[in-house]
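Subject: Structure handover

Hi,

Here is the structure for you to look through. My notes on what turned up follow below.

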Amino acid sequence: MFDAVPPAETQPEEPVDPIGLFVTRPQDGEVTAGGNITFTAKVAGESLLKKPSMKWFKGKWMDLASKVGKHLQLHDSYDRNNKVYTFEMEIIEANMTFAGGYRCEVSSKDKFDSSNFNLIVNVNMDYLLRNGFILFCRGDGKSDSQPDVDVWEILRKAPPSEYEKIAFQYGITDLRGMLKRLKRIKKEEKKSTAFLKKLDPAYQVDKGQKIKLMVEVANPDADVKWLKNGQEIQVSGRYIFEAIGNKRILTINHCSLADDAAYECVVAEEKSFTELFVKEPPILITHPLEDQMVMVGERVEFECEVSEEGATVKWEKDGVELTREETFKYRFKKDGKKQYLIINESTKEDSGHYTVKTNGGVSVAELIVQEKKLEVYQSIADLTVKARDQAVFKCEVSDENVKGIWLKNGKEVVPDERIKISHIGRIHKLTIEDVTPGDEADYSFIPQGFAYNLSAKLQFLEVKIDFVPREEPPKIHLDCLGQSPDTIVVVAENKLRLDVPISGDPTPTVIWQKLLFESEGRVRVEKHEDHCVFIIEGAEKEDEGVYRVTVKNPVGEDKADITVKVIDVPDPPEAPKISNIGEDYCTVQWQPPTYDGGQPVLGYILERKKKKSYRWMRLNFDLLKELTYEAKRMIEGVVYEMRIYAVNSIGMSRPSPASQPFMPIAPPSEPTHFTVEDVSDTTVALKWRPPERIGAGGLDGYIVEYCKDGSSEWTPALPGLTERTTALIKDLVTGDKLYFRVKAINLAGESGAAIIKEPITVQEIMQRPKIWLPRHLRQTLVKKVGETINIMIPFQGKPRPKISWMKDGQTLDSKDVGIRNSNTDTILFIRKAELHHSGAYEVTLQIENMTDTVAITIQIIDKPGPPQNIKLADVWGFNVALEWTPPQDDGNAQILGYTVQKADKKTMEWYTVYDHYRRTNCVVSDLIMGNEYFFRVFSENLCGLSETAATTKNPAYIQKTVDLSGDAKYRMFSKQGVLTLEIRKPTPFDGGFYTCKAVNERGEAEIECRLDVRGTQGSPARFPHLYCQP
């Protein structure tokens, strides 16, 4: 096993990725051909709710999950202590084709990360020899100091007629296989004279990044051309050419998918090729969607930000994709990296969960559309003012976007220089400067679109001055206008103005005092002849108390006490507590504010937001009267925060501190299919299946407990949690009756319990021995020599039966055959099968006097030997008759047939004449006249062809001239001095030179003619006739 070794040169640091997942990235690796190597990636699991998804790729697109097998294995594990996921890719017996670039991608919900790495496969001589790429032999084996001979090079240069001679000289046994490989070997590339260093076979770059392609040329003054897909590249802002000494560099800036192409560097007549792969990075969601709450008819705008401008995203509502064609209700907008979903006029049906998806992330937000409902936090109050004073009517409503009108005695108030109307946030004001008697009236505020009418009365206070005789003692004339005679109520932050009429002659002096301490700062007193004014700018809670006004003159004095009460909005409550957290709900609890503002608390308003968001969403429109609330419609696995407002008749308090962050998550459902698998005198084996619903909290493990019959106390059966779905409970008391239960555990707590209803008695149960013979073993098991034999036979029986194996009635030799037994099966193992392992095997189970036996027949086969006694039975015309006898060794299997081949003595290239031929004699036809032929025969069984063939010792010579007079295929006629030769059913083989010879007493004469046969062989063409006249 080789570990992945990073290259010697220093690797640049990985860029910081704000959403990176890797703790350890796979490093470039190097391995010798035939060796093993493992690449490891580690992913931080602390912030992940469930196991991330990992994919391994080779090159650009090849997903390696489909290639798992003999040469590739994928593994993963989880370190619970360090909360780290480990993913491994193991390459077994690497070969040269495994070299290249690899990539791994990890994703979890809206997070994504990837990493690239390379594998280099080094080739040694042993690997090449073992795989037939190169073969070296000694010339004659006499001296170790003699140089090695490259047989491949000799075969490449030799003519085909010399192949047999070379094979005999260097001891080559598989000449046919070597000749096939020789045809596939590429011609050796000539050493480049123009390039010192060529381009690599391939390069990879991320979209938008820069890459440099570099070659080194032999001539520093040489000119080069760069081509892309066969077209010459021109210099531009994106393509930059550099010449530094022997180096020629092509720089491509801001790579796009259009740059994914084949590139060439041309120097004179020589070229260097490469291929550039541009990897498009996944589109990440850098700013997620935020929850929104709107009123019916309002405009909704969902906004998110992605990692690339103009990226393509998909919008969904409750899992259904949104399109522009849906009554044009939805509008999609792109602005740089920002993506928008716009709903112009929302309806109640638009409520739901909206999702934006990219190829690298997902973001979900909730939209709640409420019916319009307006709340009045502060109504307008009656006012009593004096001439030339200021009158201010103020009210506060729940919606800051609501407008309204002011009415005076039912008529709309028109603002002017003296009358001002203002609307700031939720507060609406009507201000009247320099009040006159004509301003006394009923004033109302009507919010637009709501059936509300907030009314108050403005009373004009006339100051009556009575004639006071001289030397009149001072007198205070208090009039509280229907309120309690000694209490004045003022709203916090409003101006308090107390006008106290006084009389006396001479004019008395006025002294204002507040019990316990003197007022100062914001407090001032104005003195007039007939009255005095006490003013507090911006009343505060500390201004509450009893104020005493004293008037004095030489005649006497008078006193009066006025109680001032300041009312305000409540203090913010403390941070709410979250409890009873479920899959999509939780219970929120809070305490009343420590100060209610001097007015009873009317109710509470609750808001929530996602932890990573800045938008708070109101959960109730009607004031909450209780101190608890069950919040619903949350998304499982998302972290939320809550806060609370208190409301009294004056208005709404500041928000409370946010609650502790919490995540809606639910325990898993109970495990399923909980059963007892086995029982012994001291143990009970249990098994179950995972819960049907696990949820975002994942699954930490299971807890197994048992309880004695008649007791209610459950005892843990295992120390801690188990991650398996099986458990073996040990050290139990024989005879006890026990109930068992199992629970699933995750972050949210325990699931319900899966319980075995009936008590289990801890006692071994006697069970007859029974062997369950697999179907494929009920017939003869055929294996080839050298293969591994692994036979597993399941059985049942309690207590554990005694197992014995026999072969042909004899006990098995443990040194030659391996036997492994367990409680439920027995295994026969032979590492390398040999012919002597064939035979009848018998396995027997025994429990006391009960037994069960089965028999298995194993047949080990090998390649057969060559046929025997091959000989040339006859040679005539263009034909040769061969005969041979079956092989002496049939490889322990039936001979299925023979393969007959022929070879011209000149070339010694073998050609197959018959395949799967069943007889032991044959006729080889259509041989060429004047050539000599050798023949050989291979035998064949289930294992294949024999290693060697039976070859004829002497060649068969085909005569150049053949007498056709005795061949029935040819008919000869002689009529009136004309000689005719007729050939029946001619074939292309009948083409050639024919000689006609005439002989008499005076001598002989002959003539030649040539015949060409065209058309399909064996076609019923006309009989050709050859004519000649002596």
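This is a predicted model: local features need pLDDT of at least 70, side-chain atom pairs count only at pLDDT 80 or more; totals for chains, interfaces and linings use all residues.

First, a term for the charge notes. Patches are built from residues with over 30% relative accessible area and no salt bridge, and like charges are joined within 9 Å.

**Surface patches**

Take Glu834 as an example. Its relative accessible area is 35%, so Glu834 is partly exposed and passes the over 30% cut-off for patches. Glu834 sits in the loop that runs between strand 69 (825–830) and strand 70 (839–847).

There is a nonpolar surface patch as well. Its members are Val782, Leu896 and Leu942, and together they have about 240 Å² of accessible area. Leu896 belongs to the loop between strand 73 and strand 74 (897–904). With a relative accessible area of 30%, Leu896 is partly exposed.

**Aromatic pairs**

How many aromatic pairs does the structure hold? The count is 16. One of them is Trp884 with Tyr917, a tilted pair at 6.5 Å centre to centre and 55° between the planes. Trp884 is part of strand 73 (residues 879–885) and Tyr917 is part of strand 75 (residues 910–917), so this pair ties together parts that are 33 residues apart in sequence. Both Trp884 and Tyr917 are buried.

Tyr917 also pairs with Tyr914. That pair is tilted too, with 4.9 Å centre to centre and 35° between the planes. Is Tyr914 buried, partly exposed or exposed? Tyr914 is partly exposed, because its relative accessible area is 28% and buried means under 20%. Tyr917 has 18% relative accessibility, so Tyr917 counts as buried.

Elsewhere, Phe39, Trp56, Tyr102 and Phe117 form one aromatic cluster.

**Backbone points to check**

Most residues other than glycine have a negative phi, and most peptide bonds are trans. The following entries are worth a look with that in mind.

- Lys798 and Pro799 are joined by a cis peptide bond, with omega at about -10°. Pro799 lies in the loop between strand 65 (789–798) and strand 66 (802–807).
- His673 is not a glycine, yet its phi is positive, about 50°. His673 falls in strand 54 (residues 672–679). Its relative accessible area is 53%, so His673 is exposed.
- Asp731 is not a glycine either, and its phi is positive at about 55°. The loop between strand 58 (726–729) and strand 59 (737–746) holds Asp731. Asp731 counts as exposed, at 74% relative accessibility.

**One distance**

How far apart are Asp63 and Cys104, in sequence and in space? They are 41 residues apart in sequence and 9.8 Å apart in space, C-alpha to C-alpha. Asp63 is in strand 6 (residues 62–63). With a relative accessible area of 30%, Asp63 is partly exposed.

That is the list. Over to you.

Best wishes

Definitions and conventions: Residues are numbered from 1 along each chain as its sequence is written. Side-chain values use heavy atoms; hydrogens and water are left out. Helices (H or I, at least four residues) and strands (E, at least two) are DSSP runs, numbered from the N terminus. Buried means under 20% relative accessible area, exposed over 50%, partly exposed in between (1.4 Å probe, protein chains only). Rings of Phe, Tyr and Trp (its six-membered ring) pair if their centres lie within 6.5 Å; planes under 30 degrees apart count as stacked, over 60 as edge-to-face and the rest as tilted. Patches are made of residues with over 30% relative accessible area and no salt bridge: like charges are joined within 9 Å, nonpolar side chains (Val, Leu, Ile, Met, Phe, Trp, Tyr) within 5 Å. Accessible areas come from the Shrake-Rupley method with a 1.4 Å probe; for residues, only the protein chains shown count as cover. A salt bridge is a side-chain nitrogen of Lys or Arg within 4 Å of a carboxyl oxygen of Asp or Glu.
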